[in-house]
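Student: Can we go through this structure together? I'd like to start with the packing.

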Amino acid sequence: MHWHEEIELIYCLEGRYTVQICDDKYDIAPGHVLFINSGELHSVTVIEEGLFAFIEFGTSLVGRDFNLMANNAFSLRQLDLNSDEDRGVAEIGQIRDSLSVIMDELKETRIGTHNMIKAHIMALFVLLLRAIPVKEEQDVSRMDRIFKRNKINEVFDHVEKHYARNITLKEAAKVAHYSERSFLYAFKLVTGMTFHSYLNHYRVERAIELLPYREYSIEYIGYLVGIPVPKSFSRIFCRVMGISPSEYRRRLFANKLGEAGPKLPEKIPDTITMTTQEIDSPEDVSLDEGE
């Protein structure tokens, strides 16, 4: 799981995906758009391979209006562009048209492609700003959240390096230069979840990347990701994904019976990567073929 200051839009074109945002899960299918607010911890899991796009809105492109959204939050999390009006949003047709132009421009670079993409990202941002109300968050200032996120980032890096072994709350708090009590509060504020919940989600993500390798037993995968007790691994996996690791693997290969499994990796695979096409600004428009 990761976070960033930019506001993110995920647009599913093909396939099916589950997006984890803090402790909540959202299933997206073709035509669905999902909104991720500034600073929210999130990850994407491929359910059925296909194609989806990321669009990130930041200050250099959308200016001072960014702070209006970044200081608050979308009151709607998800939209279905297959309908003419979803959840009272009348501008769905315009949102769909802007996304269509952006996708077309990404597929084939032509004269003025970058400027065309920028123009429609700007139009899309304004449409979202006008169409979807934001709810005000008054619990803590944005600057305070940013300060805490920078400290919590050290914990994310620590987990990425050491998740395969036992990581205690005391150890994580020390990495972030907090007392245990202050760390619990700061981590929950920044991520929307407890530290142990985040650690479990992270380990399950790594396990999902290993499940296609049939040479690895379920028990061994649990050991590799830092949950060496088989019953605990199965329980944690089921809590995060809704099904057991063995059932997840069974469904994964349901349509591939008789085929040889992929070769063993030389190391545990890295986190999900995204292919980014620059548009002359720090904001990204990314197309990702989920596999």
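Predicted model: local features only at pLDDT ≥ 70, side-chain atom pairs only at ≥ 80, totals over all residues.

Student: Which residues have the most contacts inside the largest nonpolar core?

Tutor: Val 155, Val 159, Phe 183, Phe 195 and Tyr 198 do, in a core of 42 residues.

Student: And which elements give two or more residues to this core?

Tutor: They are α5 (142-162), α6 (169-175), α7 (180-191), α8, α9 and α10. The largest share comes from α8, with 8 residues.

Student: What is Phe 183 in contact with, leaving aside neighbours within four places in sequence?

Tutor: Its contacts are Ile 152, Val 155, Leu 169, Ala 172, Ala 173, Ala 176, Tyr 178 and Phe 195.

Student: What does the second core include?

Tutor: That one is separate and has 29 residues, among them Ile 7, Ile 55, Val 89 and Phe 125.

Student: Switching to α11. Which of its residues are buried?

Tutor: In α11, which spans residues 245-252, the buried ones are Pro 245, Tyr 248 and Arg 249. They lie on the same side of α11, because they cover an arc of only 95 degrees around the axis.

Student: What covers them?

Tutor: The cover includes β4 (42-57), α8 (195-210), α9 (218-224) and α10 (230-241).

Student: Now His 177. Where is it?

Tutor: His 177 sits in the loop between α6 and α7. Its phi is positive, about 60 degrees, although His 177 is not a glycine.

Student: Is His 177 buried or exposed?

Tutor: Exposed, because its relative accessibility is 57% and the cut-off for exposed is over 50%.

Terms used
Residues numbered from 1 in each chain as written. Heavy atoms only, no water. Buried < 20%, exposed > 50% of the residue type's maximum accessible area, 1.4 Å probe, protein only. Helix = DSSP H or I, 4+ residues; strand = E, 2+ residues; numbered from the N terminus. Arc of directions from axis to C-beta. Contact = heavy atoms within 4.5 Å. Core = buried A, V, L, I, M, F, W, Y, C linked by side-chain atoms within 4.5 Å.
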